[in-house]
Amino acid sequence: MTLKKEQPAKALHEESGDKSNPDAVQFTNSLMDALIMETNSEDVYGDMYARAADGSMRRIPIGTVGQMLKVAADGFPAWANDITNTIVVNAGQNQAISVANTSLQATASDPNSSITSYLWSKQSGPVEPIGTGFNGGSFTPLRTRTFTPSGTGDIVFDDTNTLPGDLIILEGNFRSVRLDNVQGTQANPIVFRNPAGQITQIGNTTWAANGGPAYALQTSNSKHFIFAGTHWNNLLFTGSEINTDGGGEPYRSAYRNLSFDAFSEKFEICYFTATQGGTCIVAKTDPVSGQSATWYPNTTLQDILIHDFIIDSPYNEGLYIGHTATYWDLISNTPYNQSPYDPPPADSNRYKQPIMISNVKVWNGRILNTGKDGIQISACKNIEVYQNEVFNWASVNVPDRANHNGGILIGGRSETSNVHDNITHDSWGEHFQFYGTGTGHIFKNNLCYNTNASNVSGDMASIAARCGSNNTENHPGQVTVEANTFSRCGNGSLVRVNGYSNKSGGVSGTDNLQVILKRNILMAPRNNAGGDNYDSFYVYTENPQDYGYDKIVTRPLAGADANVQYLTMAIANVDTNNYYLPNNATVIQGFRKTKPVGPQPVTGASVIVTPNTATTAVTNMVSGVYVFRLVVGNALGQYKSSTVQVTVTL
């Protein structure tokens with residue numbers, strides 16, 4: 001571990017102007033000074049000037065003309081002939097605005113050459129977010145420290161080298177990062193991030209071939225911490241890519257990109273990308289013999305927030321949150337998963353239920369090419385999953401793929417969930433799987449389309465209930481499936497309801513499940529094959545003859561809450577290029593895209609939309625005074641700049 005430098009919070013703010021590459025600026029100025037200092041007489045200077053990246057001009061010694069100096073990353077070259085340069089550029093009038101967006105409009109001309117390039121950049125302005133504060137709050141660092149990798153690239157943080165309010169910059173490529181007893185506070189979390197404008201990579205792509213920890217990031221007994229990249233492309237958690245056999249599955253299947261273990265809670269992870277490995281994100285605490293705090297109901301963990309991210313190509317699940325084991329065998333240290341409707345194991349000293357997690361949120365994610373489930377959440381309560389895009393899950397073609405094939409899965413012992421405004425599409429697996437317990441579950445305003453025809457069951461939504469957490473009864477399960485669009489299932493049904501163990505559809509007693517199905521569009525079952533138009537192609541209830549179909553599924557047939565069924569896409573008449581919106585305005589059922597899906601820019605971080613044009617929009621500004629610079633170049637390789645000030649009052 002190498003501690004590179006330490007600076008107070010004030011220095012961070014003073015140095016946080018948006019220079020594309022401060023090191024390059026310093027290098028250019030230093031080189032100019034060196035060239036000038038080598039001469040002792042004014043006579044040795046000619047009429048050529050070099051312009052530093054900050055726009056200042058320096059005369060260049062005779063004999064150096066034609067040599068190229070280092071160019072700053074913002075594109076302003078070192079050489080410019082100040083005598084023959086006839087570019088005229090105007091970045092526009094200063095502005096005072098009361099909205100977060102504006103337009104910069106510049107003019108540029110040259111009577112002796114053609115204008116060939118434009119480059120806008122932000123020179124100064126309000127200090128913009130480095131991510132978000134915990135659970136939506138603001139974050140002002142009390143201390144800023146930068147760490148670089150040393151040795152094998154493994155680094156450990158604990159309560160001896162972190163304090164509440166720390167901003168920790170991870171600069172470079174690390175093999176692993178571990179947090180042991182890293183504990184901030186709600187008012188002053190501990191924040192980890194990449195340097196502004198630089199990429200930080202954490203992980204071991206050759207794990208199992210060269211040893212080292214089987215994780216990129218692992219935490220233990222840590223809370224009130226945040227990993228927040230400046231952009232999801234700049235904070236990377238890269239997993240093992242070793243696909244040689246490790247005993248039935250490739251070695252990399254045991255690798256975890258991010259592993260939140262042993263009482264880790266109250267954390268936020270955002271603006272990052274995780275790729276390859278076994279499971280990209282795992283968050284759970286295993287029961288341990290002799291440690292009663294690891295057994296339900298002695299402890300409940302709180303607050304897991306994951307947003308604005310990309311997960312791509314893990315061998316197993318994309319996100320695995322909460323414990324899937326109904327019970328845990330403390331002697332063999334393995335799951336004990338009897339039928340969910342069996343009574344609890346007789347030996348209560350040996351078998352314990354894992355603890356639960358309250359307040360789990362996953363949003364603005366893009367999860368693709370996962371070998372097994374996309375998003376899996378079990379043994380949690382107060383769950384919200386929204387504005388995610390999930391596609392091509394269950395992609396690993398192994399015999400047990402059908403057991404791990406959920407796009408979004410609300411698993412056993414889950415209480416109160418709200419899955420809304422997601423898009424799932426183009427996969428072998430089932431789009432939504434529900435095994436929750438209790439009332440108050442919602443699956444609303446989601447778009448699910450295209451199940452791979454090779455999936456013989458091919459259901460899009462599979463709904464069942466599981467035993468509750470009090471060990472004595474199976475709590476009634478209730479889920480409302482509302483205003484979704486389901487299109488093109490495989491050889492199964494658009495919606496399948498488990499009718500074997502969940503029969504009565506009441507609100508008390510055992511073996512209960514109630515499904516309220518309303519305002520959905522159900523279209524193109526059997527992959528748009530047409531032909532027979534059986535009701536069970538749309539909604540299939542297993543074993544309904546024992547109690548009657550309507551006892552388990554509430555399904556309005558008329559009125560505003562009615563579902564609509566279409567045998568083919570042509571009959572449905574929807575715009576597949578516009579989120580399957582019905583072309584018939586009188587159809588009010590089904591999905592409506594109301595919010596962005598997938599990762600979004602950091603709130604408050606201004607974006608120059610088209611920096612290489614004379615006119616550009618600037619978005620996401622906050623209150624304060626901004627200065628933007630435009631650099632214009634001509635066909636002769638000459639450049640001039642102009643600035644404009646924008647005052648924002650929101």
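Guide: A residue is buried if its relative accessible area is under 20%, exposed if over 50%, and partly exposed in between (1.4 Å probe, protein chains only). This is a predicted model, where local features need pLDDT of at least 70, side-chain atom pairs count only at pLDDT 80 or more, and totals for chains, interfaces and linings use all residues. Residues are numbered from 1 along each chain as its sequence is written, and side-chain values use heavy atoms, with hydrogens and water left out.

Visitor: How many aromatic pairs does the structure hold?

Guide: There are 18 of them. In one, F192 and F227 have ring centres 4.6 Å apart and planes at 5°.

Visitor: Why is that pair called stacked?

Guide: Rings of Phe, Tyr and Trp (its six-membered ring) pair if their centres lie within 6.5 Å; planes under 30 degrees apart count as stacked, over 60 as edge-to-face and the rest as tilted. With 4.6 Å and 5°, F192 and F227 therefore pass as a stacked pair.

Visitor: What does the pair tie together?

Guide: F192 is in strand β15 (residues 190–193) and F227 in strand β18 (residues 223–228), so parts 35 residues apart in sequence are tied together. By the way, strands (E, at least two residues) and helices (H or I, at least four) are DSSP runs, numbered from the N terminus.

Visitor: How do you know whether F227 is buried or exposed?

Guide: Check its relative accessibility: 1%. The cut-off is under 20%, so F227 is buried. F192, at 0%, is buried too.

Visitor: What makes R413 and Y296 worth a look?

Guide: The charged end of R413 is 5.2 Å from the centre of the Y296 ring and sits over it.

Visitor: What kind of peptide bond joins Y296 to P297?

Guide: A cis one, with omega about 0°. Most peptide bonds are trans, and most residues other than glycine have a negative phi.

Visitor: Which way does phi go at N528?

Guide: Positive, about 65°, even though N528 isn't a glycine. You'll find N528 in helix α3 (residues 525–528).

Visitor: Why is N528 called partly exposed?

Guide: Its relative accessible area is 27%. That falls between 20% and 50%, so "partly exposed" is the label for N528.

Definitions and conventions
A charge sits over a ring if NZ of Lys or CZ of Arg is within 6 Å of the ring centre and within 35 degrees of the ring normal.
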